[in-house]
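Thanks for coming, everyone. Let me put the structure up, and then I'll walk through it.

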Amino acid sequence: MSLIVILTGAGISAESGVESFRDEGGIWSRYDYREVATPEGFAANPTLVHEFYNDRRAQMQTVGPNAAHFALARLEQEFDGEVLTITQNIDDLHERAGTKNLVHMHGELGKALCVRCNTRLAWKDQLSMFDHCPNCGHTGCLRPDVVWFGESPYHMDIIEEALARASLYLSIGTSGNVYPAAMFVEEAARSGAHTVELNLEPSEISHQFNRTIKGPATEIVPRFVDTILAAGKR
Ligand code: APR
C-alpha cells in the first residue's frame, strides 16, 4: 500500500494568524531562542519561558485551521493508501481540521510535562512555577511539553519507519533550518520516494526536492491535494 509522508512547519499555520519563526518580523527576530527555547533558558528564568508559551497558548485559542490544514485532512480521509502527517508545529490546527494520523515531533502547546514524574497533562490555561503536578503533587515541576533546542524530537521511531517506506514525501511551510526534520527529504529520497516542497519561497534545502511549488499554503496545498486524489481515481 502506498504511503504519503507529510512534514509541516510554521508556514502552514501562517495564514491562520500564527507567527512563524524565521520570516521577516518572525518570533526569533524578537526573542532570543536561547532564553525561551532551551533547557538552560528555562533553568535561568522559568517565568520568562512560561510567559512566552502562555502568550502562544492563549493565541492558539483565538485562531482556527485554514484551507491547507483542511486539505491535508481530506487527503488522509480520501487517499487510497496511508498518510502520515509529521508536524514541527506545537499548535493544534491539524487535529482541529480533522487529521488523525499525526505526530507532533516538537511537542504540543496544549500539554504540560512534569519533570519529576514524567507525566504528560492536557493543559489549556496559563502555566506557572506555582502550579502543581496532579500526579506527584509537587509544585514548580511543570514545563511546557515542547521540544527545545538541544533536546531530542519526539516520535523518531515512527518517523524513521515511515520515511523508509514512503512513496511520496511532501514538505510544507518549513524553512529547512532545523534538524533532524531538514534531513527527512534525503531519507525519503533514499527510500525511493518522489519528493515535493510546497512553500511560499524556496527554502534552504529546495535543491534536494524533485519539485518545488511556490505560493501561499492555502492556495497551493488544496490544489496539490486535488491533483493527488484525481490521479488516484484515474
Ligand atoms: N504558505 C507557505 N509557506 C509559508 C507561508 C505561507 N503562507 N508563510 C511562510 N511560509 C514559509 C516561509 O517561507 C518559511 O520557509 O514557511 C517557512 C517557515 O519557516 P520557519 O519560520 O523557520 O518555521 P519552521 O521551519 O517551522 O521552523 C522549524 O524551528 O524554532 C524552531 O521549533 C521551532 O518547529 C520550529 C522549527
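Start with His106. His106 is buried, because 21 other C-beta atoms lie within 10 Å. Buried here means 20 or more other C-beta atoms within 10 Å of the residue's own; exposed means 12 or fewer; partly exposed is in between; and the C-beta atoms are placed from the backbone.

Before I go on, some housekeeping. This is a predicted model: local features need pLDDT of at least 70, side-chain atom pairs count only at pLDDT 80 or more, and totals for chains, interfaces and linings use all residues. Residues are numbered from 1 along each chain as its sequence is written.

Back to His106. Its place is in the loop between strand E3 (102-104) and strand E4 (107-114). Helices (H or I, at least four residues) and strands (E, at least two) are DSSP runs, numbered from the N terminus. What does His106 contact, leaving aside its neighbours within four places in sequence? Gln88, Ile90, Val146, Val147 and Pro153. Contact means that two C-beta atoms, placed from the backbone, lie within 7 Å. His106 and Val63 are 43 residues apart in sequence, and 20 Å apart in space, C-alpha to C-alpha.

Now the domains. The protein chain is divided into domain 1 (1-17 + 65-106 + 154-234) and domain 2 (19-62 + 107-146). Those bounds come from an automatic or database domain assignment. The C-alpha centres of the two domains lie 26 Å apart. The contact takes 11 residues from domain 1 and nine residues from domain 2. On the domain 1 side, H1 gives the largest share, three residues. By class, that side has four nonpolar, five polar and two charged residues. For the classes, Ala, Val, Leu, Ile, Met, Phe, Trp, Tyr, Cys and Pro count as nonpolar, Asp, Glu, Lys and Arg as charged, and the others, Gly among them, as polar.

Next, the ligand. How many residues surround the ligand? 23, and the closest are Gly9, Gly11, Ser20, Phe21 and Ser175.

On to helix H10, residues 217-233. Its 17 residues should span 24 Å at 1.5 Å a residue, and the end C-alpha atoms are 24 Å apart, which agrees. The expected span is 1.5 Å times one less than the number of residues. Which residues of H10 are buried? Ala217, Val221, Phe224 and Val225. They cover an arc of only 100° around the axis, so they sit on the same side of H10. The arc is that of the directions from the helix axis to the C-beta atoms. On the other side of H10, Arg223, Thr227, Ala230 and Lys233 are exposed. The buried residues pack against helix H1 (10-14), helix H6 (67-78), strand E7 (168-172), strand E8 (194-199) and strand E9 (211-214).

Last, one of the residues in strand E8: Leu198. Leu198 is buried, because 27 other C-beta atoms lie within 10 Å. Not counting residues up to four places away in sequence, Leu198 touches Leu170, Ile172, Ile213, Ala217, Ile220, Val221 and Phe224. Leu198 and Thr8 are 190 residues apart in sequence, yet 9.6 Å apart in space, C-alpha to C-alpha.

Definitions and conventions
Near = placed C-beta within 6 Å.
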